[in-house]
Amino acid sequence: MSKGEIVAGCLAPHPPHLVYAENPPQNEPIAEGGWEQLRWGYERLRESLADVEYDAIVLLSPHWQTYIGTHFLGLPKFKNLSVDPVFPNLFRYHYDLDIDVELAQQIHDRAADAGLAVTMMKNPDFRVDYGAITTGHMFNPAWDKPLVVISSNRSRDYYSVEVMQEMMIELGRVTREAILASGKKVVVIASNSLSHRHFTTESAIPEDMSKEHITSHAMHLWDMRMIEYFRTGQAQRILDEMPEFTEQAIAESDGGGLSWLLSTLDVPTYPGILHGYGTIIGTGNAIVEWPARDHQEASE
Amino acid sequence: MTNGELLGSYIVPVHPHTVLAPEQNEGWGRLREAYDIAAQRIKDSGADLLIIYSTTWPSIIGHQIIADPNPEWVMVDHDFHELGSIPYSFNIDEKFAHAWNDANEKRGLKSRTVAYHGFPIDVGSVVALKLLNPDNTIPAVIVSSNVYANRAETTVLAKACMDVVTATGRKAIAITAMSLSNRMFTKPIEPKDDRIHSLKDDEWNRKILELLGEGRLEDVGQLSRTIHRQIRVNKVVAFKPMWWLSGMNTNRNNLTGEVLAYEALHGAGGAVVHLDPTPSGAGDIEYDEDNVEYFAGERNVLDGDQREHQEDLESNFEAPTEMVQENGPALWDPTESKDSVNSEAAPKPVGAYPHARRVGDLLYLSGVGPRQPGTNAIPGGPIHDKDGKPLNYDIKAQTQAVVDNITRILEEAGGTINDVLDVTSFLVDMDRDFQGYNEVWAETLGKVGPTRTTLAIRALPTPIAVEMKVIAKAPKTK
């Protein structure tokens, strides 16, 4: 068996507004557009990977929140209706997704061996969280690649950002090992926003872009600081500043996705490609790709 | 139509173990038995509405209220999916949901109803409704817990809800679906090994339950932030359900509390507690925060003219149904004598006199106003503030509260409202209030048929608009 490979790592946020604005047939509500900067960013990300062959997508979603360790979707298919409990007016999506159970099990087993609390989720009635579906759709609307979906272990809530990072860096390490050992080519995705302070009101037309902006200057500064690190290959600085960033920007990195992603990519020193940045109901969102396929040292 | 009321309140745990696996652990089984007792009590109470505030349904855009008359789906818990699935089909009072939504907006809250096929009812609400209302005979309404809401917003949410309960004549039960300490074990455990995560959590839980057992709900509400810091994992929703539940109970501290069960659920503290509105215990509020009636927090961040908009909303706000009376003379304990009749269910006097006195076959009641026992609140609001500035108030609500207080005093004497023979009513503003007062009279004492005299006077000792002097038949003594 040939050695597996991480072909790309992506930061790919999941506010349901993006799917809503795209008007795909799977989603019930109809929009007049909106959030184009981010949707075009996703378009550029898809174009960037259009000629890259890969077998599976491994995705960590902060909206499957688990408090008893990390869970993995563990059945080959999930088909259901996902309604966002926070924005049900925007997201009522009929999904039908395939899971790479074999790869999920391999990551699970290595994580268990490393001492992490892990569980395979095998209840067929389980509804996949809207974060995973939104990112899954925006990244690959054809849904023609199987996924590995990993829950967000809320260890930051129980302990601290530091403990969360320790656990997520370890999970990233074993994720990487499992992928390389699997012989598969894989894209790894963290599905989270950057600064995460929402507006608490919604405009009459949700996609009214005259109302959209970052909630505060401080949030903007933090987002730009992180993006600068993304663009200049300073992943270690992101990990180092994660406690301050998470605390001060109320960042969705609290779910562990970004730390896990950077660890899975072996803390890249090469630049990430910024495909887009924009705000969604006040939160900061960046679409970033780390082209690991072009940096062999990252896959060794 | 009679005024609505809250018949009782319950605090119940959110984890699915009580539905799916009560037999796997004795403690889970005891929680299930307590749930069943609570369900029977609710059924026997004659309640016609269940109101659920769930901590496992976080919201961002204000509060959300389920308005789908029949939500149906299958719920699987994000953590405890191995326990199985819970199919549900609930009976939701969509009219009440919409009315509550409107009442929220009148009180300055951001709010919306939710009625979408397939909307995921949260685990706490599913567990509570499956076990407290197993036959779906009582309509329910469910509200989310806003992640950004503070005490003021959560309290006003409750008051808006009670506005509708009162106005629609509902007999309601308030339910908070919540954990006490919420720190779970972060690894899977065998059911037999379940226990409260730490001694410290257990001690705090028992302190909370001691207070609730004494009916001191507002005290627990005021300790919410401390409790959150001490025994709560900083999940999305903080320990705020006690703010809502206390608001539903007019911030009282003298309820009749009973802890039906307290057990561990994967390390978290789960309890079933019944709070009956019957006054009990000492119950005085020892310290207080603002008793806010209208939410004027930082909202409308999308608009540049936020402050102006907010001021418009506040100036258009109609009188709330109830405001605590903080201005007025000192309160006295009613005087005791051989023939006196005094009731803890009636407001304290403002001088040295009893609530009533028995003379032969007659009961003579001291002047009765609308102030509420315990809180001294004035339904319909006071007629002026501490500085004498006139306030808008609701004469109908005040008059109804007077009749209710008369009823309580007569019941203390062993009689009923039907024993009233003669009434002298005092109004501070005849021109403004006679019509509203007369309407409530017609629906209450007017049906009993006492003689009546109505007088206009300059003022009453407390900032109220109406008072009644009553002579009634005395029930025969045994």
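The crossing of H5(B) and H9(B) is right-handed (a crossing is left-handed if the near helix is turned anticlockwise from the far one by less than a right angle, and right-handed if clockwise). The model is predicted: local features need pLDDT of at least 70, side-chain atom pairs count only at pLDDT 80 or more, and totals for chains, interfaces and linings use all residues. Residues are numbered from 1 along each chain as its sequence is written, with chains lettered from A and ligands numbered from 1 in the order in which they are written.

**Exercise 1.** Describe how H5(B) and H9(B) pack.

*Step 1.* Find the helices: H5 covers residues 151-168 of chain B and H9 residues 241-248. Helices (H or I, at least four residues) and strands (E, at least two) are DSSP runs, numbered from the N terminus.

*Step 2.* Take the geometry: the angle is about 35 degrees and the axes are 8 Å apart. Axes are lines fitted to C-alpha atoms, for helices over the stretch in contact, and angles run from 0 to 180 degrees between N-to-C directions.

*Step 3.* List the contact residues (C-beta atoms, placed from the backbone, within 7 Å). H5(B) brings residues including B:Arg151, B:Leu157 and B:Met162, while H9(B) gives B:Trp243, B:Trp244, B:Gly247 and B:Met248.

*Step 4.* Sort them: seven are nonpolar, three polar and two charged. Here Ala, Val, Leu, Ile, Met, Phe, Trp, Tyr, Cys and Pro count as nonpolar, Asp, Glu, Lys and Arg as charged, and the others, Gly among them, as polar.

**Exercise 2.** Work out the six-stranded open sheet of chain B and the helices on it.

*Step 1.* Write the order: E12-E13-E14-E18-E16-E17, with mixed pairing (two strands pair if DSSP finds at least two bridges between them).

*Step 2.* Look at one pair: E13 (residues 356-359) and E14 (residues 362-365) run antiparallel and are joined by four bridges. B:Val359 stands opposite B:Leu362 there.

*Step 3.* H11 (residues 395-412) touches E12, E13, E14 and E18, making about 30 degrees with E18(B). H12 (residues 430-443) touches E16, E17 and E18, and its direction makes about 150 degrees with that of E16(B).

Definitions and conventions: Two residues are in contact if their C-beta atoms, placed from the backbone, lie within 7 Å.
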